[in-house]
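These are my notebook entries on a single chain, written while going through its coordinates. I kept to what can be looked up, and I noted the cut-offs as I went.

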Amino acid sequence: MSAKASDVERKWYVADAEGKVLGRFASEVARMLRGKHKPIYTPHIDTGDHVVIVNAGKIRVTGNNKLEDKVYTSYSGYPGGLKTRSLKRLLETRPEFVLEHAIKGMLPRNRLGRRMMKKVRIYVGAEHPHQSQNPEPIDLA
């Protein structure tokens with residue numbers, strides 16, 4: 001039986017990224033955003049929950065040279081407009097971008113995936129402004 005959009009009950013979760021491995025943590029968050037942890041999961045309906053991620057600056061990566069070798073590129077469209085930034089530099093300046101980029105790559109590339117991406121909130125420190133939603137702490141090991 002397919003779930004209807006009106007049947008979906010969304011919960012709020014808070015996940016601590018401190019000491020977690022980037023890819024493994026991102027895949028679990030993407031699973032929560034898609035709703036695959038629920039028995040009413042339907043691929044074409046957004047059945048996922050809201051996820052608040054704290055301590056994004058304390059995420060870690062495995063591998064010997066991954067901090068220097070992994071690069072994020074962006075192209076402006078102009079000649080000479082290719083920018084490359086290493087993972088190490090981005091973790092120092094914008095760690096929330098690294099986590100957001102990893103999660104976004106694990107979601108569908110369509111309207112549904114863009115809607116799911118709006119349900120994740122990433123914060124560098126331990127504080128977040130979503131206390132009024134009473135998010136449940138969840139351990140994504």
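The model is a predicted one, in which local features need pLDDT of at least 70 and side-chain atom pairs count only at pLDDT 80 or more, while totals for chains, interfaces and linings use all residues. Residues are numbered from 1 along each chain as its sequence is written, and side-chain values use heavy atoms, with hydrogens and water left out.

**Entry 1: a ring and its surroundings**

By that definition, I found the charged end of Lys-70 over the ring of Tyr-72, 5.2 Å from the ring centre. I then asked how many aromatic pairs a search of the whole structure finds. It finds 1 (rings of Phe, Tyr and Trp, the last by its six-membered ring, pair if their centres lie within 6.5 Å; planes under 30 degrees apart count as stacked, over 60 as edge-to-face and the rest as tilted). The pair is Tyr-72 with Phe-97, edge-to-face, at 5.9 Å centre to centre and with 70° between the planes. It links distant parts of the chain, since Tyr-72 lies in strand β3 (residues 71–75) and Phe-97 in helix α4 (residues 95–104), 25 residues apart. Helices (H or I, at least four residues) and strands (E, at least two) are DSSP runs, numbered from the N terminus. Is Tyr-72 buried or exposed? I noted Tyr-72 as buried, with a relative accessible area of 5%, where buried means under 20%, exposed over 50% and partly exposed in between (1.4 Å probe, protein chains only).

**Entry 2: the sheet**

I traced 4 strands forming an open sheet in the order β5-β2-β1-β6, with parallel pairing; two strands pair if DSSP finds at least two bridges between them. β5 and β6 (136–138) stand at the edges with a single partner strand each, so one side of each is left without a neighbour in the sheet. Between β1 and β2 I noted 5 bridges, and Ala-15 stands opposite Ile-53 in β2.

**Entry 3: Ile-53 and the core**

Leaving aside neighbours within four places in sequence, Ile-53 is in contact (heavy atoms within 4.5 Å) with residues including Ala-15, Phe-25, Leu-99 and Val-120. Ile-53 is also among the residues that touch the most other members of the largest nonpolar core, which has 30 residues. Such a core is a set of buried Ala, Val, Leu, Ile, Met, Phe, Trp, Tyr and Cys residues joined through side-chain atoms within 4.5 Å. Helix α1 gives the most to this core, with 7 residues.

Definitions and conventions
Lys NZ or Arg CZ within 6 Å of the ring centre and 35° of its normal.
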